[in-house]
Amino acid sequence: MATAEEIAEAYADWQERCNANTRLARMLRGWERTVHLVATDTGEGFTIAVSASVLSDLRSGLVDQPDLVVSATSEDFADLFWGDLNPSEKYLSGEIVLAGSSEDVMRLDAMSMVAFLDQ
Amino acid sequence: MTPADRTVDVVVAGAGYSGLQTARTLVDAGLDVLVLEARDRVGGRVLTEVTPSGAVVDQGGQWIGPTQDRLQALADEYGVSTFPTYLDGANLEVRDGSVHPFIGLVPTSDRDGSADTVATLLDLDLLAQEVSPTHPWDHPDAGALDRITLAEWVESAADTQTARSLVATAALAVFGCGPEELSLLYVLSYAHSGGSMSSLIRTAGGAQERRFTGGAQQMALRLAERLGDRIVLDAPVVSVSYTDGGTGEPAGVMVTAERRGADDGRSSWRVAARRLVVAMPPAVQGRIAFDPPLPGSREQLVQRAPMGSVTKIHAVYDRPFWRDAGLSGQVVADAGMLRATFDDSPEDGSHGILMGFIAGAVDRSSESDGAAGRQRVCLEELARAFGPEAAEPIEFVEQRWSAEPYSRGGPVAGLGPGVLTACGPSLRMPVGPIHWAGTETASVWSGYIEGALESGERAATEVVATLDGTALNRATGLDESSGQ
């Protein structure tokens with residue numbers, strides 16, 4: 001289990017890498033979305049916004065109406081953000097669940113994979 | 001004029017899944033139907049065979065994936081179970097002659113190239129969402145999208161050679177065509193019909209997710225049993241004369257088939273019908289003579305919808321030995337004869353089977369290698385990936401779809417630039433009393449068994465809608481007890 005502080009620390013690292021990635025910036029062009037993260041083991045929620053190809057800071061709690069909801073264990077969120085976990089593998093096994101329109105899911109799937117590969 | 005040997009409401013030409021589903025739907029609507037099949041079997045591009053050692057191999061279409069609901073319903077109806085395609089362990093990437101293990105959809109040995117591949121696939125998938133699977137020519141940029149090939153698009157969309165090579169491998173596995181042979185508009189429309197390009201190339205969560213216990217042809221065989229003597233095998237349709245009703249005569253067709261007699265000689269057999277459903281790929285339909293000739297746009301379409309080139313190989317071993325080494329059996333290669341392989345072993349692992357595709361230009365040029373030459377190269381490549389044990393199968397079988405006269409290739413037609421925008425509407429548009437089925441005409445999962453079933457339903461629905469109520473009121477539905 002990862003604490004909210006650990007997830008926030010891992011996310012800050014991921015956010016920095018993502019926002020410096022020019023390929024990701026291109027992939028996120030024109031994609032303005034609110035994403036909720038729900039830790040299935042601790043019940044904690046977090047919110048991220050994507051705007052102008054930039055990932056926002058992680059906010060605590062489920063804020064605003066989400067376009068996408070990502071559900072995973074707190075440990076998987078931390079591992080994902082540290083780059084220790086191949087997101088595709090977790091999506092395929094159903095351990096990480098993405099809920100949203102097919103286009104949004106497609107884009108989040110691809111961007112998390114690119115963030116993983118580009119580290 | 002020579003009288004008809006038989007008269008029915010509807011002739012269906014072709015007993016692949018599309019023709020069988022057409023016939024079943026028409027019979028259920030109360031129509032008198034006759035299916036003429038050129039081969040000595042039903043199933044079309046789906047063929048399950050048992051090797052001398054008892055291994056079941058699907059020589060053609062074999063998978064079912066999410067949202068392929070018609071196929072699932074058919075399997076459920078006939079009690080055919082499915083099981084997941086073997087996916088445990090690492091896949092292998094062969095790049096520049098070296099072998100690298102990876103997990104997931106995209107090889108990871110060249111991380112920048114892999115990230116580029118994911119980004120390129122996303123671009124392709126997002127573009128595909130904008131293109132209608134049924135009316136791609138209506139896209140505002142249809143002309144531009146249909147003017148270039150997939151290869152030209154990926155050349156500018158991707159930054160790396162790795163991404164270009166992986167997209168080429170995907171095209172070869174999905175279409176039996178290299179990206180340089182395919183119109184971008186066609187690829188986008190085709191991908192959208194199955195969800196996205198990513199869905200087409202995925203195993204878990206995609207088109208290759210599950211297999212049928214006992215093989216994918218079983219449902220076709222059961223449908224054929226149900227249709228009984230409404231199906232005539234060994235009866236290729238060679239010509240069709242038709243009237244569209246414009247001259248005052250009722251619309252109808254006279255279908256001439258060749259039948260093999262007891263002395264193995266061929267004789268013509270004429271069937272009169274109110275409607276004809278042609279359930280085969282356009283390239284195969286092109287061998288049928290029509291009188292009067294079909295409209296120019298249809299004739300042009302038929303000449304511009306060549307089949308992909310594919311040979312499917314199965315190397316059969318006494319056990320799936322690669323699993324001991326933690327390998328899934330899936331290979332993605334950037335060159336060579338086999339660009340993609342899968343573990344095609346039975347669910348119980350009683351045999352080990354590696355299946356691979358020889359596709360596109362390599363398939364065509366491998367003609368000169370002969371079967372023995374292809375086998376030698378395939379086994380060398382399998383041994384490079386899975387070790388020396390792979391070079392010693394107990395059996396090796398190949399199905400060369402390009403040499404099948406009633407498929408002319410596979411797995412599906414590959415349309416080049418300019419075809420969809422100029423001739424696309426002719427794909428499904430009826431010509432007088434003649435309607436078109438076949439997976440190439442499908443609006444969902446075009447190129448797949450699911451698409452074949454959907455196309456059969458659509459063609460049958462068209463036919464029923466054009467006929468008056470007289471025939472529909474007859475009680476000639478299927479009699480399950482007699483197998484008719």
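## A strand pair in chain B

Pro84(B) sits across from Arg210(B), a residue of strand S9(B). Helices and strands here are DSSP runs numbered from the N terminus, with at least four residues (H or I) for a helix and at least two (E) for a strand.

Zoom out a bit and you get an open sheet of 3 strands in chain B, ordered S5-S9-S6, with antiparallel pairing. Its edge strands are S5 (63–64) and S6 (82–84) of chain B, each pairing on one side only. Two strands pair if DSSP finds at least two bridges between them.

## What you're looking at

This is a predicted model: local features need pLDDT of at least 70, side-chain atom pairs count only at pLDDT 80 or more, and totals for chains, interfaces and linings use all residues. Residues are numbered from 1 along each chain as its sequence is written, while chains are lettered from A and ligands numbered from 1 in the order in which they are written.

## Chain A overall

Chain A has 5 helices and 6 strands. Reading from the N terminus, they go α-α-β-β-β-β-β-α-α-β-α.

For 119 residues, a compact globule would have a radius of gyration near 14 Å, and chain A comes in at 13 Å, which agrees. (That radius is taken over C-alpha atoms, and the globule rule is 2.2 Å times the number of residues to the power 0.38.) Along the principal axes, the C-alpha atoms of chain A fill a box of roughly 35 × 30 × 25 Å. Of the 119 residues, 39% count as buried, meaning that 20 or more other C-beta atoms, placed from the backbone, lie within 10 Å of the residue's own; 12 or fewer makes it exposed, and in between is partly exposed.

## Helix H5 of chain A

H5(A) takes in residues 102–117, and its end C-alpha atoms are 22 Å apart; that agrees with the 22 Å its 16 residues should span at 1.5 Å a residue. The expected span is 1.5 Å times one less than the number of residues.

H5(A) is mostly covered, with 12 of its 16 residues buried. Among them are Met106(A), Arg107(A), Asp109(A) and Phe116(A).

## Where A touches B

14 residues of chain A are in contact with 18 residues of chain B, contact being C-beta atoms, placed from the backbone, within 7 Å. On the chain A side, helix H2 (22–27), helix H4 (87–93) and H5 are the elements giving two or more residues. H5(A) supplies the largest share, 7 residues.

Terms used: Contact = placed C-beta atoms within 7 Å.
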